[in-house]
Amino acid sequence: MKLSIVRAPAALVLAAMSLVSGAPAFGQAGPQAAAPQADSPRFTHVAGVLYRVEQGELFAVDTTVISARLLPGVDGWEDLLGRVPAADRAALGALGVVRRSPLGVLDLSLPAGSDPLLTVARVSGTGLVEFCETNAIGRYTGAPNDPSFGTQWNLNNVGQSGGKVDADVDGVEAWDILGGSPSVAVAVVDSGSMITHVDLAANIWHNPGEIAANGIDDDGNGFVDDTVGWNFDSNNSNPAGSFYHGTAVAGVVGAVGNNGIGIAGLAGGGPSGAGGACRVMPLNIGSFSPNAAVLDDAILYAANNGARVITMSLTVPASTPITDAINYAVNIKGCFVDCASGNNGVGVSYPAMLPTVMAVASTNRQDNKSSFSNSGPEVEVAAPGEQILMLDLNNGYTTQDGTSFAAPHVAALAGLLFAANPGLTNADVRQIIKDTADDVSTVGFDNGTGFGRINAATALSVAVGGVIGKAIVYGTGLAGTDGFVPIIGSQGGVPKVGNAAFTVSLRKAAGSSAAGFLLGSAQASQAFKGGVLLVSVAGPSVVLLVTTSSNGNASIPFAIPSDPQLAGLELDTQWLVQDPAAVSGTALSPGLQIVIGG
């Protein structure tokens, strides 16, 4: 079989060629196709606020003004009003012209309480305007002003203290989309939290149905004066504890962001404040060790009092009441529940091992699994858990290690996802977190880090309608009698717009062999000795020729531009490798479908 190029449709080839760097392309493409039209704006409500969804980010809609440009021949707003039916004239007459730009754009003021989307539709429906659209409130991007944020490598790893750049949860990028929402409560089932901590108090959950210190169970939930949670170990309404652990976990979730104090929590509001911040529901189950006898009560309290997320950084012996409580929270009340995998370097502990619980492992600032982090098939994802700067008692701060501090990163992300899209189910959230995780170990799932280290920005982008970047291996690849099997794998994270680190690699080929990287949009199943052809050379495709290294490896690096029109692009690829031992003289790898994320 001869390695050659087959011509592809122009739009696909030009997009694909703009992605690939460091490898020669052979052949010419035809004329460039017309660029696709941008989608109509999308809108969503978060905590009662209307947001416009733009390239995976949320922008609050300005409810005071809309903008329009009149068609030629319409001589001003009064002329338009004179041409519309009386019913529309009455409604549109309440709009006032507050500005006319040099380009003829009218800014129209809205009466208080008006629905800007309905008003835009009414103006557009007159047929007398070129366009009419809402306006949104933007924001300046950047890191929050918390003075110790620069040391929070877990949220923004820029290589500080010898770390690996971007070995983090992409907190800053996530906050460009959403900082959280006060309508989402994250229950921290732990040693109690210092509810008055200067860097946490503003984000503590408050029970809307309870009146403080009146000695009455106002909301009838069985707990008197539970205004900010409950202490199940001491059976009182003060959920604070005498041990730092619960305060530290609560801070990873919801330390107040951009308040000029200390640090920022992943769901603590971010620098832009978009959407507000999630609320931390502190539940004390034992100040110095978790009391298994009351753990189920705390879980049930969280589920029955509005928590959408429950996080646990603990282990106890297996217990039927605890398992039942978790099943109730997940299956009946729709809560997302996660738990630290454990710190003794062995199998995943209980209750993290339960199928209803997302087990979370720990990574370090180099994006490696922490040596102490428990492994097993129950691990679904990992998050930073070493040298994490967190809140401490007495308005202080501490740096600690442990899967205890990885789990609340995942809980915070779950809270952000519910805030971004309240219609998501707990199963949706769990799947998004897994699908958008960045591989940090072997390609695909592994027992140490599961599906990878979480990526909050990618997950949020998907929650508001973005595209998940994927590299999906399909089909089989066979080699000749020499036993070498070409393998396709992905490195450097999911392929997504703006990501220049994604590569498609060939491994285990014979050293210094000629290799062709076949890229196309169609799949085939033409079998012959030496493999199965999965990308049709008879259809749209292109072959890039490389030579394997002395150890049989080769790779094609992808530099995916920051072009939103590439989001969702699907490409099918396959390696063809010179192999004299194969009857055809060529061996084939499995196929790889690349889906470029938004």
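1. Let's start with Lys434, which counts as buried at 18% relative accessibility in this predicted model, because the cut-off for buried is under 20%. Glu380, at 9% relative accessibility, is buried too. These two residues form a salt bridge, with 3.6 Å between the closest N and O atoms. The pair links distant parts of the chain, since Glu380 sits in strand β13 and Lys434 in helix α10 (residues 426-435), 54 residues apart.

2. The sheet that holds β13 deserves a look next. Seven strands make up an open sheet with parallel pairing, in the order β8-β9-β7-β10-β11-β12-β13. Its edges are β8 (230-231) and β13 (379-384), each with a single partner strand, so one side of each lacks a neighbour in the sheet. Five bridges in the parallel sense pair β12 (residues 358-363) with β13, and Thr363 has Pro384 as its bridge partner in β13.

3. Helix α6 (residues 245-254) touches β7 (185-190) and β9 (279-284), and its direction makes about 160° with that of β7. Helix α7 (residues 292-304) touches β7, β9 and β10 (307-312), at about 155° to the direction of β10.

4. The largest nonpolar core has 71 residues, and Leu266, Phe336, Val410, Leu417 and Ile433 have the most contacts inside it. Helix α9 (residues 407-420) gives the largest share of this core, 11 residues. Leaving out residues up to four places away in sequence, Val410 touches partners including Phe336, Met358, Val360, Val381 and Ile433. Another core, of 39 residues, lies apart from the largest one and has Leu283, Ile285, Ile299 and Cys339 among its members.

5. Back to charged pairs: how many salt bridges are there? The count comes to eight. One of them joins the side chains of Glu130 and Arg69 at 3.0 Å, N to O. Glu130 belongs to strand β6 (residues 129-137) and Arg69 to strand β3 (residues 57-70), so this pair ties together parts that are 61 residues apart in sequence. Glu130 is partly exposed at 43% relative accessibility, and Arg69 is partly exposed at 25%.

6. Arg83 and Asp79 form a salt bridge, their closest N and O atoms being 3.0 Å apart. They are four residues apart in helix α2 (residues 77-83), so about one helical turn separates them. Elsewhere, Asp367, Asp438 and Arg453 are linked in a network of salt bridges.

7. Last, a hairpin. Strands β4 (residues 96-100) and β5 (residues 105-109) run antiparallel and are joined by four bridges, with Gly96 opposite Ser109. Four residues lie between the strands, and Gly104 takes a positive phi near 85°.

Key. Residues are numbered from 1 along each chain as its sequence is written. This is a predicted model: local features need pLDDT of at least 70, side-chain atom pairs count only at pLDDT 80 or more; totals for chains, interfaces and linings use all residues. Side-chain values use heavy atoms; hydrogens and water are left out. Two strands pair if DSSP finds at least two bridges between them. Helices (H or I, at least four residues) and strands (E, at least two) are DSSP runs, numbered from the N terminus. Contact means heavy atoms within 4.5 Å. Axes are lines fitted to C-alpha atoms, for helices over the stretch in contact, and angles run from 0 to 180 degrees between N-to-C directions. A nonpolar core is a set of buried Ala, Val, Leu, Ile, Met, Phe, Trp, Tyr and Cys residues joined through side-chain atoms within 4.5 Å. Buried means under 20% relative accessible area, exposed over 50%, partly exposed in between (1.4 Å probe, protein chains only). A salt bridge is a side-chain nitrogen of Lys or Arg within 4 Å of a carboxyl oxygen of Asp or Glu.
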